[in-house]
Amino acid sequence: MSGGLRLVHAHGDRVTVTDQATGVELLAYVYRPEAAWEAPRPYIHPLRTLAGDVVTDYRPNDHRWHKGLSLTASHLSGANLWGGNSYVHGEGYLELPERVGSMAHVGFDEVSADGGRVVIAERLTWHPYGGELWAQEARRIEVHDVDPQAGSYALTWTSAVTNRRDEPLRFGSPTTAGRELAGYTGLFWRGPRAFRGGRIIGPDGEGPGLMASQSPWLALSGEHDGADGHATVVFAHAPENDHSGARGAHPAHWFVRNEPFAGIAPSWSFFDELELAPGDTLTRRYRVVVADGAWEREEIAKYLEAHPW
């Protein structure tokens with residue numbers, strides 16, 4: 001059995017979660033603001049396995065605005081809350097600082113550890129470059145189901161985003177703006193450099209061809225640098241995700257790569273824009289399983305069946 005989870009809050013900076021049985025710091029949730037060009041927003045990094053191996057990357061030299069595990073919006077009513085250059089159809093990625101927005105920490109409603117579960121409940125605001133209030137977000141991150149025998153634990157991320165403009169918010173992606181197979185937006189995981197070429201696994205197939213596919217879960221398994229062995233990171237949709245907070249169903253598609261970097265995003269708007277009316281709330285819930293070892297498809301499916309929503 002696990003010795004429980006310990007939480008430490010460095011006010012104004014970050015919240016860290018440590019597995020007391022092993023002393024491994026599983027994650028740091030960083031909410032202090034960072035460089036404006038990189039679209040300031042809270043993020044999780046480092047994210048570690050129970051064995052202590054890091055499974056996220058931070059400010060890699062190819063995309064400085066990629067920061068561990070974070071939730072953001074690449075195309076939002078003309079604004080870029082993702083960071084870096086902005087994609088413009090017919091012109092490619094351009095340096096347009098006037099499009100780069102931010103997500104600001106407002107406060108915590110709960111930061112608690114109770115045995116084997118940690119809860120971080122936060123309020124945030126979303127802003128374009130000019131600083132206007134476009135949206136308010138209620139975010140809840142839970143760390144749970146620590147299983148030393150299986151070498152795994154789970155993180156559940158829930159975000160409820162409410163439009164505070166007097167006009168609709170339009171969530172898009174580079175693909176909705178005209179770039180093929182670049183539908184990234186929403187919750188995004190950037191894997192470590194060692195996970196390049198890692199194995200992408202879905203319920204019914206595997207490999208980079210799963211880009212833009214639809215399925216209840218998707219995983220990537222990679223081999224560590226500097227440590228023997230592998231790790232597997234699994235992303236799963238809550239059942240209600242395709243039917244909440246938008247007009248009609250809006251099925252998600254996976255953005256996934258293992259070259260030139262390892263990354264996964266269950267995109268809100270891969271092919272089609274998602275419109276959020278004034279005052280309406282978009283709610284999305286995801287589970288991220290962090291596991292030591294190279295899990296096979298059957299092992300992933302068995303785990304998710306044993307840990308229902």
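Student: Which strands each supply at least two residues of the lining of the largest pocket?
Tutor: They are β6 (75-76), β7 (86-88), β13 (169-172) and β18 (253-257). The largest share, three residues, comes from β7. Keep in mind that this is a predicted model.

Student: How do you know that a residue belongs to the lining of this pocket?
Tutor: A lining residue has an atom within 4 Å of a point of the pocket. For the largest pocket, 32 residues meet that test, and the closest to its centre are His 75, Tyr 87, Tyr 93, Pro 174 and Tyr 184. The space inside comes to about 450 Å³.

Student: What makes up the lining of the largest pocket by class?
Tutor: There are 14 nonpolar, 13 polar and five charged residues. Tyr and Pro count as nonpolar, so Tyr 87, Tyr 93, Pro 174 and Tyr 184, among the residues closest to the centre, go into the nonpolar class.

Student: What makes β9 and β15 edge strands?
Tutor: Follow the order of the open sheet of eight strands, β9-β10-β11-β12-β21-β17-β16-β15, with antiparallel pairing. β9 (102-114) and β15 (199-201) each have a single partner strand, so one side of each is left without a neighbour in the sheet. From one strand to the next, the twist averages 15°.

Student: How do you know that β9 and β10 are paired?
Tutor: Pairing needs at least two bridges, and β9 and β10 (residues 117-127) have 11, in the antiparallel sense. One of the bridges joins Asp 114 to its partner Arg 117 in β10.

Student: How many bridges do β1 and β2 have?
Tutor: β1 (residues 5-10) and β2 (residues 14-19) pair over six bridges, again in the antiparallel sense. Ala 10 has Arg 14 in β2 as its bridge partner. The two strands form a hairpin with three residues between them, and Gly 12 in the turn has a positive phi of about 85°.

Student: Why is Val 290 called buried?
Tutor: Buried means under 20% relative accessible area. Val 290 has 1%, so the label applies. Across the chain, buried residues make up 55% of the 309 residues.

Student: How do you know that the chain agrees with a compact globule?
Tutor: For 309 residues, a compact globule would have a radius of gyration near 19 Å, and the chain has 18 Å, so the two agree. The C-alpha trace spans about 50 × 40 × 40 Å along its principal axes. In secondary structure, the chain comes to one helix and 21 strands.

Note on methods
Residues numbered from 1 in each chain as written. Predicted model: local features only at pLDDT ≥ 70, side-chain atom pairs only at ≥ 80, totals over all residues. Heavy atoms only, no water. Helix = DSSP H or I, 4+ residues; strand = E, 2+ residues; numbered from the N terminus. Axes fitted to C-alpha atoms, helices over the stretch in contact; angles between N-to-C directions. 1 Å grid on protein atoms, 1.4 Å probe; cavity = no way out; pocket = protein on both sides within 12 Å on 5 of 7 lines; lining within 4 Å. Points joined across faces, edges and corners; volume = space filled by probe spheres on them. Rg over C-alpha atoms; globule rule 2.2 N^0.38 Å. Buried < 20%, exposed > 50% of the residue type's maximum accessible area, 1.4 Å probe, protein only.
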